[in-house]
Amino acid sequence: MAKFFLRKKIGDRVINGHPWIFANELGESEGAYEPGDIVEVFSANGSFVGKGYVNPASQIRIRLLTRVQDEAIDDQFFYNRINEAWKYRQQIGYVENCRLIFGEADGMPALIIDKFNDYFVLQTLALGIDKYKGAIVAAINKIFSPKGIYERNDVPVRTVEGMPQIKGFLSEPFDTQIILKENGLKFHVDIETGQKTGYFLDQQDNRRAIQHICHGADVLEAFCYTGTFSMHAAHYGAKKVLGIDISENAVATARRNAELNGFMDRCSFEAVNAFDVLKLWVKEGRRYDVVMLDPPAFTKSRENIQKAITGYKEINLRGMRLTKPGGFLVTASCTNLVDPQMFLDTIDMAAKDAKRVLRQVVWQTQSSDHPIIRNIPTTQYLKFLIVQVL
Ligand code: SAH
């Protein structure tokens with residue numbers, strides 16, 4: 001096994017538990033290795049730091065899997081880690097649907113596994129973890145006896161790691177159009193062609209958080225995807241809900257979800273660009289009791305944070321203007337590049353421009369099946385805010 005040595009003057013981040021080692025943090029290395037191989041990492045003075053997988057094509061050169069020198073990285077390792085993660089999810093109350101593995105937060109960098117009841121969707125986003133797909137699938141089979149496993153590795157970040165973008169079955173083929181249950185509601189999930197893994201589990205607690213503001217309300221949900229928040233609004237007593245999304249497919253599924261839950265009389269959906277219509281509807285004088293906004297990330301890179309902030313500010317400004325005095329704005333941001341304070345500052349700027357005062361009702365993050373590790377800042381990515389717009 002090849003050995004790598006950290007450079008002398010690097011911070012304590014890795015020593016304190018962060019699993020990523022960047023190219024510029026590494027000094028000498030000994031021994032041959034192939035991209036994706038497991039290697040050992042030592043501090044500059046030779047003490048053992050950890051073992052992980054290496055990829056010379058990535059700026060994140062090594063991602064650590066263990067801090068125990070004699071722990072083998074094999075089938076048993078993945079079985080143990082996945083089993084531990086499952087026990088943790090059960091302990092904190094996520095049984096039917098959950099993000100079973102949230103990469104770094106579960107000690108398995110670049111691995112995502114979503115559990116939709118009996119179905120599992122996985123993503124292996126780095127070369128080193130991709131090599132263990134077989135072991136990971138074997139562990140899922142052993143622990144859960146699932147009805148199906150599917151890989152959604154059609155993700156651009158794989159290209160950086162020198163891997164193809166692919167998707168397909170990791171079990172016997174099955175019908176990838178499934179129905180999952182959440183908070184007593186039913187949702188169509190398209191595992192094969194839906195966005196990301198098919199369903200946004202990270203908002204599952206936040207969807208419950210709108211419970212008390214929807215009764216008798218006229219609701220607008222922008223960036224609604226398959227209408228999950230809209231369904232909850234109807235469920236919690238909204239009298240009328242309009243969901244909009246730019247994706248025709250998402251809107252078609254949202255309509256099917258309304259049908260599935262018996263909300264066709266209250267819920268309607270339109271495939272339109274939110275940036276265009278929110279502006280127009282402000283001008284037309286439309287006003288809602290509740291406006292919900294859950295836009296996409298707007299940026300994937302640090303260089304474009306300002307562009308993302310401008311996007312968030314614009315849609316939140318329009319969202320506030322569309323909210324009746326005393327109504328509620330439900331707003332989220334899903335990129336870790338915009339940190340919580342930055343997001344709140346952006347909302348405050350929008351409120352200033354809209355000349356509205358905000359009263360904070362709920363301020364939270366992703367559901368706890370996507371654990372936040374305090375010293376791995378990228379594990380905290382979702383911001384979720386409900387304010388009353390006075
Ligand atoms: N709240 C949803 C997830 C929303 S994901 C849930 O919890 O299930 C963000 C959505 O924004 C995607 O469905 C995407 O299609 C949509 N979107 C992206 N750009 C858009 C635009 N300009 N106008 C409207 N919708 C857009």
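Helix 8 (residues 274-284) packs against helix 9 (residues 305-321) at an angle of about 35 degrees, the two axes being 9 Å apart. Helices here are DSSP runs of H or I with at least four residues, numbered from the N terminus; axes are lines fitted to C-alpha atoms over the stretch in contact, and angles run from 0 to 180 degrees between N-to-C directions. The structure is a predicted model, in which local features need pLDDT of at least 70, side-chain atom pairs count only at pLDDT 80 or more, and totals for chains, interfaces and linings use all residues. Residues are numbered from 1 along each chain as its sequence is written, and side-chain values use heavy atoms, with hydrogens and water left out.

The crossing of helix 8 past helix 9 is left-handed (the near helix is turned anticlockwise from the far one by less than a right angle; clockwise would be right-handed). Phe275, Leu278, Lys279 and Val282 of helix 8 make the contact with Gly311, Glu314, Ile315, Arg318 and Arg321 of helix 9, where contact means heavy atoms within 4.5 Å. These residues divide into 4 nonpolar, 1 polar and 4 charged (Ala, Val, Leu, Ile, Met, Phe, Trp, Tyr, Cys and Pro count as nonpolar, Asp, Glu, Lys and Arg as charged, and the others, Gly among them, as polar).

Helix 9 also packs with helix 10 (residues 340-354), at about 45 degrees and with axes 8 Å apart. The two helices are therefore oblique to each other (angles under 35 degrees count as roughly parallel, over 145 as roughly antiparallel, 65 to 115 as roughly perpendicular and the rest as oblique). Helix 9 passes helix 10 in a right-handed crossing. Residues of helix 9 in this contact include Ile305, Ile309 and Tyr312, and those of helix 10 include Met342, Phe343 and Thr346. The contact of helix 9 with helix 10 has 12 nonpolar, 2 polar and 3 charged residues.

Helix 1 (residues 75-91) and helix 3 (residues 133-144) have axes that come within 9 Å and cross at roughly 50 degrees. The crossing of helix 1 past helix 3 is right-handed. Its contact comprises 9 nonpolar, 1 polar and 2 charged residues.

Around the ligand there are 17 residues, of which Arg207, Asp245, Asn273, Ala274 and Asp294 come nearest (a residue is near if one of its heavy atoms lies within 4 Å). A polar side-chain atom of Asp294 is 2.6 Å from a nitrogen atom of the ligand. For Asn273, a polar side-chain atom lies 2.9 Å from a ligand nitrogen atom. A polar backbone atom of Ile246 is 3.0 Å from a nitrogen atom of the ligand.

Terms used. A polar contact is a pair of N or O atoms within 3.5 Å; within protein, one must be able to donate a hydrogen and the other to accept it, and residues adjacent in sequence count only if both atoms are side-chain atoms.
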